[in-house]
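Hi,

Here is the structure I promised to pass on.

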Amino acid sequence: MAQDEIERLFMDTLQATAPLGTATTRAEGSTPAPGLALRNKPSVAGQVRHVAAGREYLTFRLGSEEYGIDILKVQEIRSYEPPTKIANAPAYLKGVVNLRGVIVPIVDLRVKFNCLNDEGQAEINSFTVVIVLNVRGRVVGAVVDSVSDVMQLAEQMIQPAPEMSNAVVDTTYITGIANVSDRLLILMDIESLMSSAEMGLINSLSNH
C-alpha cells in the first residue's frame, strides 16, 4: 500500500474515534511531512483491525516487543530525522526538532525502556519513526523501531499487568496486556509517562 494511502487510513481512524466537536490533531492547513507513514508490512497496515466495541490503539515495536497506545494521543507519524542535541540531557532525550514552528522534544522509548539490540544500541534504520504525541496540550515526539497498525481492542481482551516489584521492573506505565493472534501486546499509558515528573518534559515545555 502506498504511503499516502496508509496515512489517509490513519487520519480517517483519528477522525472516526475523536469525540464529537473535537478537531483532528493535525494543524489546519498543514501538509504531511516527507516520509510521513506507517512503515511496516503492507499486509498488516492495509486495514484497521476491528473486534467488539473497544478502544483504538496504535501499535509499534520496541526491540522484539510490541506495544500499544491510545490513538487519540497520536498527532502524526514522521520519519526519523536527527534532532538538535541538548547538553547534559539524559540518554533517552535525543534532543529537539522544529515541527512547523513548534520546538518538540524527542524521547527515544527504546532507550527509556532498555529495548536495545545485542550491541546495547538503539539502531536507526529505514523503519525507525517518530510518533508525534499531543500530551495535555503539549507536543512530544517518541522514537520507536517501527509502527505496525491500528487495532481496536475490546475490554475483555485486556488483562491487568502482572504485579512486580518496581525495584525489578517498572510497570507503572503499563495499563494492561492483550493477547492478539497468539502474540502479547503491551498497552502503555503514554500520557502518564510523558507527563511524569521523572521525564520532566511537561514542565520544561511550559517554559517555552
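Glu81 comes out as partly exposed, with a relative accessible area of 37%; buried here means under 20%, exposed over 50%, and partly exposed anything in between, using a 1.4 Å probe and protein chains only. Its salt-bridge partner is Arg78, at 3.3 Å from N to O, and Arg78 counts as buried at 16% relative accessibility. By salt bridge I mean a side-chain nitrogen of Lys or Arg within 4 Å of a carboxyl oxygen of Asp or Glu. Both residues belong to a network of salt bridges that links Glu76, Arg78, Glu81 and Arg100.

Before you go further: this is a predicted model, where local features need pLDDT of at least 70 and side-chain atom pairs count only at pLDDT 80 or more, while totals for chains, interfaces and linings use all residues. Residues are numbered from 1 along each chain as its sequence is written, and side-chain values use heavy atoms, with hydrogens and water left out.

Searching the whole structure turns up 10 salt bridges. One of them joins Glu191 and Arg136, whose closest N and O atoms are 3.4 Å apart. Glu191 sits in helix α4 (residues 190-194) and Arg136 in the loop between β6 (129-135) and β7 (138-144), so this pair ties together parts that are 55 residues apart in sequence. Helices (H or I, at least four residues) and strands (E, at least two) are DSSP runs, numbered from the N terminus. Arg136 is exposed, at 56% relative accessible area.

On to the sheet: it is open, with five strands in the order β3-β6-β7-β5-β4 and mixed pairing, where two strands pair if DSSP finds at least two bridges between them. β3 (74-79) and β4 (93-99) are the edge strands, each pairing on one side only. β4 runs antiparallel to β5 (residues 102-108), and six bridges join the two; Val97, for instance, has Val104 in β5 as its bridge partner.

One more salt bridge brings together the side chains of Glu66 and Arg61, at 3.9 Å from N to O. Glu66 is buried, with a relative accessible area of 4%, whereas Arg61 counts as partly exposed at 29%.

Over to you!
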